[in-house]
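Dear colleague,

Please find below the structure that I am handing over to you.

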Amino acid sequence: MTTPYQQQSQAPVPPQSPPQSPPQSPPQAPPQAAPPMPPQAPHQTAPHQTNPYQAAPHHHAPHHSAPHHHTQPPQPQPHQPHQQMPSGPPSQPYAGVGPYTSPIPVRRTSLGNALASEWTKIKSVRSTIWTLSVMVALVIGIGLLVAATTADSDYDTVPTTLPGFFGTLLGQLCVVTLGVLVITSEYSTGMIRTTLTACPQRSRVLTAKALVFFTLSFTITTVALVLVAYASMGMHSGPAVAEPTGDQILGATVGAGLYVSLLGLLSLAVGAILRHSAGAITTMLGVVLLPSILPAFLMMSDSLRDLGSKMLEYSSPQSLASLFQIDDGLNNGWPQLSVLAGITAAAMIAAYALLEKRDV
């Protein structure tokens, strides 16, 4: 016999619907282990791996993932030196690389380089060869001719070095002309622009020209005078001939050569000031010849007689005669030589100042 409670429990239970739960997203597949990556070279880095749980970026077009393909591992490449690309503006193509190094050896220039350049120029032009050749021919030719046509009795009161005086009077004009052409020829041809571009120190250019020309003219003039002096002394030697003293030989060789070279250097300074060949040569001819001509007119006036006599004493022919000691009443010529040196120094200072101030 069943109790009401047992009957109630044995009654069939009507089916009940499952409890409503909030909608859930479909279950995601469990993460799988990433396939093993191929071995990489020591100097390469592994490619960027995408996190499988990270949401894919939003794209307007549907994204189709390409199947993963296993490729051959890249072969290690030999190490290449790192080259830095230029990073400067186009006007500085070597700004990123560093200072440009010329394949040609570059060194600082000096006065020696300017001297070498001027020596190359002065020995390679025809004017130098012609003027110096004519000067040597005049000094030696006229000197030997005078020595050969004179007798021993003519040297009883004058030294036997006298024949060199006559050739030097004409030979000095050749040195004066060459001194002008050394500087003015570059202005006439436009070569002075190239010279000053290669050597911007203008004072160095003028110094090199002066040293090279003075050394060349002094050497050649002195050698020619020495040859004439000793040739004349050899031709005229006897008891009736007065042997020249050491001071007379020095004045007829080194002194006369120094005087002619200073005249040439004065011509170079005048050429640098005027920068015109004809004008500079005319000026120097006036400097050489006028002091010998004007005293004849100045001595006509009593008030100008002293000026005329002083001008005649320091003229070129009288100065050379004093250096050769032709007359006992004359001095040895060194005062005239010092005055010429002072005038030449003043002209060179003016040439330096104008060369730095004026344009080419």
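The model is a predicted one, in which local features need pLDDT of at least 70 and side-chain atom pairs count only at pLDDT 80 or more, while totals for chains, interfaces and linings use all residues. Residues are numbered from 1 along each chain as its sequence is written, and side-chain values use heavy atoms, with hydrogens and water left out.

Overall architecture

The protein chain has 11 helices and zero strands. Helices (H or I, at least four residues) and strands (E, at least two) are DSSP runs, numbered from the N terminus. Of the 360 residues in the protein chain, 31% are buried. Here, buried means under 20% relative accessible area, exposed means over 50%, and partly exposed lies in between (1.4 Å probe, protein chains only). A contact means heavy atoms within 4.5 Å. Among contacts between residues at least 6 apart in sequence, 77% join residues at least 24 apart.

Cavities

A search of the whole structure finds two cavities of 30 Å³ or more. On a 1 Å grid over the protein atoms alone, a cavity is a set of points where a 1.4 Å probe fits but cannot get out, and lining residues have an atom within 4 Å of a point. Grid points are joined across faces, edges and corners, and a volume is the space filled by probe spheres set on the points.

The largest cavity holds about 60 Å³ of space. Its lining comprises 12 residues, of which Tyr187, Arg275, Leu354, Leu355 and Asp359 lie nearest the centre. Helices α5 (191-198) and α11 each supply at least two residues of this lining, and α11 gives the most, with three residues. By class, the lining of the largest cavity has eight nonpolar, no polar and four charged residues.

The second largest cavity has a volume of about 40 Å³. Ile183, Tyr187, Ile192, Leu196, Val205, Leu206, Lys209 and Leu355 line this second cavity. The elements that give two or more residues to its lining are α4, α5 and α6, with α6 giving the most, at three residues. The lining of the second largest cavity divides into seven nonpolar, no polar and one charged.

Aromatic cluster

Rings of Phe, Tyr and Trp (its six-membered ring) pair if their centres lie within 6.5 Å; planes under 30 degrees apart count as stacked, over 60 as edge-to-face and the rest as tilted. By this rule the count comes to three aromatic pairs. One of them joins Phe165 and Phe166 edge-to-face, at 5.5 Å centre to centre and 70° between the planes. Phe165 is buried, with a relative accessible area of 9%, whereas Phe166 is partly exposed at 35%. Phe165 also forms an edge-to-face pair with Phe324, at 5.8 Å centre to centre and 75° between the planes. This pair links distant parts of the chain, with Phe165 in helix α4 (residues 163-189) and Phe324 in helix α10 (residues 316-324), 159 residues apart. Both Phe165 and Phe324 are buried. Phe165, Phe166 and Phe324 form one aromatic cluster.

Individual residues

Thr344 is in helix α11 (residues 334-357). Thr344 counts as buried because its relative accessibility is 2%. A polar atom of the Thr344 side chain lies 2.8 Å from the backbone oxygen of Leu340. Not counting residues up to four places away in sequence, Thr344 touches Leu262, Leu265 and Leu266.

Thr219 lies in helix α6 and is partly exposed, at 41% relative accessibility. The side chain of Thr219 reaches the backbone oxygen of Thr215 at 2.7 Å. The C-alpha atoms of Thr219 and Ser261, 42 residues apart along the chain, are separated by 9.0 Å.

Ala240 lies in the loop between α6 (202-235) and α7 (246-274). Ala240 counts as exposed because its relative accessible area is 53%. Leaving aside neighbours within four places in sequence, Ala240 is in contact with Asp152, Tyr155 and Asp156. The C-alpha atoms of Ala240 and Asp152 are separated by 6.8 Å, although the two residues are 88 apart along the chain.

With kind regards

Technical notes. Polar contact = N/O pair within 3.5 Å; in protein donor to acceptor, adjacent residues only side chain to side chain. 1 Å grid on protein atoms, 1.4 Å probe; cavity = no way out; pocket = protein on both sides within 12 Å on 5 of 7 lines; lining within 4 Å. Nonpolar A, V, L, I, M, F, W, Y, C, P; charged D, E, K, R; others polar.
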